[in-house]
Amino acid sequence: NDLSRKIFERKRKIYEKLDLTIVGLSKWITECSKNSTLLKKKNHINLPNPINTNIFKPLNKKNLRNLWNLPNDKKLVLFGMAGAENDTRKGYHFLLEAIKKLNREKIELVSFGSSIYPKQKIPGYKIHHMGILHDDISLVTLYNCADVTVVPSLQENLSNMIMESLACGTPVVAFDIGGNG
């Protein structure tokens, strides 16, 4: 009388009859699907979300820092805040701990993706909070301002933030998990 077992058996019978092609957005998720009991016999394709490298590309850091009113004499650490304080899977608590170990004199922080201003959470650091960005041009210019982008997610298929930042020539620090690894 196990409901989960009944659902599993129902899916198995249905999936056996279907001609499915499973599209995974990362190598990791594609491998998970290939190894799953229900889907392992199906055709699998790894097809990451595309990043338009005509838009997301390296640009002049100094000019863009001037545009955003960011300092040219500091190292800038960029991170996203979307859902960070409410979702532990975003790894924000690890980011806060890591930031405490950085040199406050040489580094300033840049956050975006939320209306929440993170200053109260990271005392002693100059923080430039850019709020919610609504277009690719803003993202491209901000990625190009940074010296490094931090994506501390603990659970992720494959972060667009990582791919976009790398396409702009800005290195990324992330945990070796899911599609990020």
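Predicted model: local features only at pLDDT ≥ 70, side-chain atom pairs only at ≥ 80, totals over all residues.

Me: How should I read its accessibility: why does N60 count as partly exposed?

Reply: The general idea is that partly exposed lies between buried, under 20% relative accessible area, and exposed, over 50%. N60 has 43% relative accessibility, so it counts as partly exposed.

Me: Which backbone atom does a side-chain oxygen of N60 reach at the start of α3?

Reply: For a polar contact, look for a pair of N or O atoms within 3.5 Å. Here, the oxygen from the side chain of N60 comes to within 3.1 Å of the backbone nitrogen of K62.

Me: Moving into the helix, which residues of α3 are buried?

Reply: They are L64, R65 and W68. Viewed down the axis of α3, these buried residues fall within an arc of 105°, so they line one face of the helix. K62 and L67, on the other side of α3, are exposed.

Me: What covers the buried residues of α3?

Reply: The cover includes β3 (75–80) and α5 (136–145).

Me: Last one: how many Å apart in space are N60 and L109?

Reply: Their C-alpha atoms are 19 Å apart, with 49 residues as the separation in sequence.

Key:
Residues numbered from 1 in each chain as written. Heavy atoms only, no water. Buried < 20%, exposed > 50% of the residue type's maximum accessible area, 1.4 Å probe, protein only. Helix = DSSP H or I, 4+ residues; strand = E, 2+ residues; numbered from the N terminus. Arc of directions from axis to C-beta. Contact = heavy atoms within 4.5 Å. Polar contact = N/O pair within 3.5 Å; in protein donor to acceptor, adjacent residues only side chain to side chain.
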